Amino acid sequence: MRILNNKKLKLIIKGFINQKNVVSALVYRELKTRISLVRFGFFGVLLQPLGTFIIFLLIFGFIRQRGVGGLDISFVPIFLISGIILYSLLTEIINRCLNAIEANKALFFYRQVKPIDTVLARVYVESGLFAIVFIIMVSAIFLIFESFNVDNLPLIFANYLILTLTGLGLGTFFMIAGHRYPLMKLVVNFAQRPLFLTSGVFFSIENIPQRFQPFLSWNPILQAIEMTRHGFNEDYIVDPEIISIKYSLAFAMVSCSIGLWVYFNNERILRTL
Amino acid sequence: MIEIKNLTKSYIHKGRKNYVFKNLSFKINTGESVALIGGNGAGKSTLLRIIGGMDFPDSGEVFTDQRISWPVGLKGGFQGSLSARENTRFVSMIFHGNEKEKIKEKIDFVEDFADIGKYFDKPFRNYSDGMRSRVTFALSMAFDFDVYLIDEVSAAGDFIFREKCKKALKKKLITSDFLMVNHNLWTLKPLCQKAFLLFNGEITQFDSVKDAIKEHKRLLRLKTRNRRSKVRKLDMVNKNKRKTI
């Protein structure tokens, strides 16, 4: 059975190379505009989230004088930083994707540039930047507290990747929704406030009354945050019945599928200026 | 070869569907340069945008086995916050990926052709109209396509630059075909062998540009005459109304 003959395969490979080129060009454009907006070049791009996170750490670090999740106080900075970074990662990806069409409208002039490429580029840039900030912050904390503790690096990495994938799916979905119904942008902005409070950015799900835990655990950000904390220190206990990487993975898959499906049905509308 | 089959395009204005063209079909063979002629709003630019893949028809298809350019002369495709150099690099990256030498070659070509000095490194949104058209034209000349879609190029730029554009276009004509739209009808004549006349959503093919222009002018005159007579009729109706009151 020859489903793919040589010509078809070549076309598909060519398509992938084309898309790779477009995405890398868009990433270049994204970084260039970012850098042109701030001082100190690439470092300036990192400076803004770094500053935000340091202030967050200081404020919530002073509030939280006791240890957390059965661990002593030296775990608090890591606890907080994994919360805020993963939360910001997802919300920032969605915010960026909401404006992806407007920001890149001029570039749809070239037939090769498709709306989904702008989402891919933005997700790539955003996740890369946050990964760098994450690494900087974590290494700074380790330097300051002089206790080196990363129990399960693959788990942290996998969680980060899964959350990025979730962002990709949701970002695609909200880009289209925001383009078709501009009210959606407001709704997304409003929804972020309660999301911040329920994502476990500054608390552990263990501190929540038992009967509310299952409801909160539907939130993929909370899942990712708790798993990442568990990845840093295995003594930070997570209840495998509530928090599991399988759920995060399933959520990412479903959101990507929905995003792609909605995109497939709406590509024309997005490109027709 | 570009083949267009049953192309229909409409837009919705105040809840009503207006057709730009209905069931348009034609074929352009390789090696033919074609002039697209029609009045304002006849759908020339829309047709070019559909062929260039920037716009989608309601139904119908465009078949081609050639590399088709973006509509040259349309001032689009530039990110205002980036400089001309960065924009050029962006477009080169789309076509050539990360081949550094080729990208550098393209950037050098555009810088040399546009010839706008230090402004080449300033943000695009601060450019004057003339500078914009210089850079956009230079960029489209930097890449090799089989078919160029050209939309009102010779509109801007000073005398020397216009000469340069003509020279570049003639050079391109050796290796590739043109599909041209131009209101300055006499510049079409030496470049194109065939002409398509778009009128009321229908397309007529002519074997010489001269005949097409003649027909075009006749139709335009007819249209304006009709409009005038309509206005006259309306005036009469209004007068009668006034009398009855």
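## Where chains A and B meet

Let's start at the interface: six residue pairs, both partners at pLDDT 80 or more, are in polar contact across the boundary of chain A and chain B. A polar contact here is a pair of N or O atoms within 3.5 Å; within protein, one must be able to donate a hydrogen and the other to accept it, and residues adjacent in sequence count only if both atoms are side-chain atoms. Keep in mind that this is a predicted model, where local features need pLDDT of at least 70, side-chain atom pairs count only at pLDDT 80 or more, and totals for chains, interfaces and linings use all residues. Residues are numbered from 1 along each chain as its sequence is written, chains are lettered from A and ligands numbered from 1 in the order in which they are written, and side-chain values use heavy atoms, leaving out hydrogens and water.

On the chain A side, α1 (6-37) and α10 each supply at least two of the residues that touch chain B. Helix α1(A) gives the most, with ten residues. (Helices are DSSP runs of H or I with at least four residues, strands are runs of E with at least two, and both are numbered from the N terminus.)

How much do the chains touch? In total, 24 residues of chain A are in contact with 30 residues of chain B, contact meaning heavy atoms within 4.5 Å. Together the two chains bury about 2,400 Å², 62% of it on carbon and sulfur atoms. In chain A, the residues that lose the most area to chain B are A:Phe109, A:Tyr110 and A:Arg111, which make up 31% of what that side buries. Buried area is the accessible area (1.4 Å probe) that two parts lose on being put together, summed over both.

Now look for charges. Between chain A and chain B there is one salt bridge, a side-chain nitrogen of Lys or Arg within 4 Å of a carboxyl oxygen of Asp or Glu. Its partners are B:Glu86 and A:Lys32, at 3.8 Å from N to O.

Next, turn to chain B. Chain B has six helices and eight strands, and its C-alpha atoms fill a box of roughly 80 × 40 × 35 Å along the principal axes. Strand β1 (residues 2-13) and strand β2 (residues 16-28) of chain B run antiparallel, joined by nine bridges; strands pair if DSSP finds at least two bridges between them. One of the links is between B:Ile12 and its bridge partner in β2(B), B:Lys17. This hairpin has two residues between the strands, and B:Lys14 takes a positive phi near 50°.
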